[in-house]
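Please read them with the structure open.

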Amino acid sequence: MALDQSFVGRTYPPTDPYEVGREKIREFAEAVGDTNPAYTDPEAAKALGYPDVIAPPTFVFSITFKAAGQVVRDPQLGLDYSRVVHGDQKFAYRRPVRAGDRLTVTSTIEGIKSLAGNDILDIRGEVHDEAGEHVVTAWTKLVARAAEEG
């Protein structure tokens, strides 16, 4: 059954703040194999004009994808998450994520379409710091595969 088009434009409440820590940034940079010293060395980050270490660009995915869970778990939407695969991801930054940031994410359904029996769900996550400054926008595309017949 196709997802309800009337959900396009629905915005979910902001998440609780997520505090970005130096160690989480270091672990993430190590996991993705990025050796940029601005991710692990506060002095290297300061030399680039940042108050503390910054996170690799894809770090924010872990925060925004978790926030998109509000959409995925919305029982009224009717998404069968057992059939979902991650289709695409993109980011538009105002500034890098920094150690010490306390970030919230507000998720909005930007689009719903059906293609060859698959439901495609586009979710926009707006990330703000505790001062209300916009940090980054993340777009996530989820594809709910069509149920197999028979």
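1. Phe59 is buried, at a relative accessible area of 3%; buried stands for under 20%, exposed for over 50% and partly exposed for what lies in between, with a 1.4 Å probe and protein chains only. This is a predicted model, in which local features need pLDDT of at least 70 and side-chain atom pairs count only at pLDDT 80 or more, while totals for chains, interfaces and linings use all residues. Residues are numbered from 1 along each chain as its sequence is written, and side-chain values use heavy atoms, with hydrogens and water left out.

2. Phe61 and Phe65 form a stacked aromatic pair, with 5.1 Å from centre to centre and 25° between the planes. Rings of Phe, Tyr and Trp (its six-membered ring) are paired if their centres lie within 6.5 Å; planes under 30 degrees apart are called stacked, over 60 edge-to-face, and the rest tilted. Phe61 and Phe65 are 4 residues apart in helix 3, so about one helical turn separates them. Phe61 is partly exposed at 27% relative accessible area, and Phe65 is partly exposed at 26%.

3. How many aromatic pairs does the structure hold? There are 3. In one of them, the ring centres of Phe28 and Phe59 are 5.5 Å apart and the planes stand at 85°, which means the pair is edge-to-face. Phe28 belongs to helix 1 (residues 22-32) and Phe59 to the loop between helix 2 (42-47) and helix 3 (61-72), so the pair ties together parts 31 residues apart in sequence. Phe28 counts as partly exposed, at 21% relative accessibility.

4. Lys90 lies over the face of Trp139, 5.4 Å from the ring centre. The criterion is that NZ of Lys or CZ of Arg is within 6 Å of the ring centre and within 35 degrees of the ring normal.

5. The protein has 3 helices and 5 strands, in the order β-α-α-α-β-β-β-β along the sequence. Helices (H or I, at least four residues) and strands (E, at least two) are DSSP runs, numbered from the N terminus. The C-alpha trace spans about 60 × 30 × 20 Å along its principal axes.

6. Of the 150 residues, 41% count as buried. Contacts (heavy atoms within 4.5 Å) are worth a look as well. Among those in the protein with a separation of 6 or more, 69% are between residues 24 or more positions apart.

7. Ser107, in strand 3 (residues 102-115), is buried at 1% relative accessible area. Leaving aside neighbours within four places in sequence, Ser107 has contacts that include Arg10, Tyr12, Ala68, Val71 and Ile123.

8. Glu126 is placed in strand 4 (residues 118-128). With neighbours within four places in sequence set aside, Glu126 is in contact with Thr104, Val105, Thr106, His134, Val136 and Thr137.

9. Where is Ala116 found? Ala116 is in the loop between strand 3 and strand 4, and it is exposed at 72% relative accessible area. Phi of Ala116 is near 55°, a positive value in a residue other than glycine. Most residues other than glycine have a negative phi.
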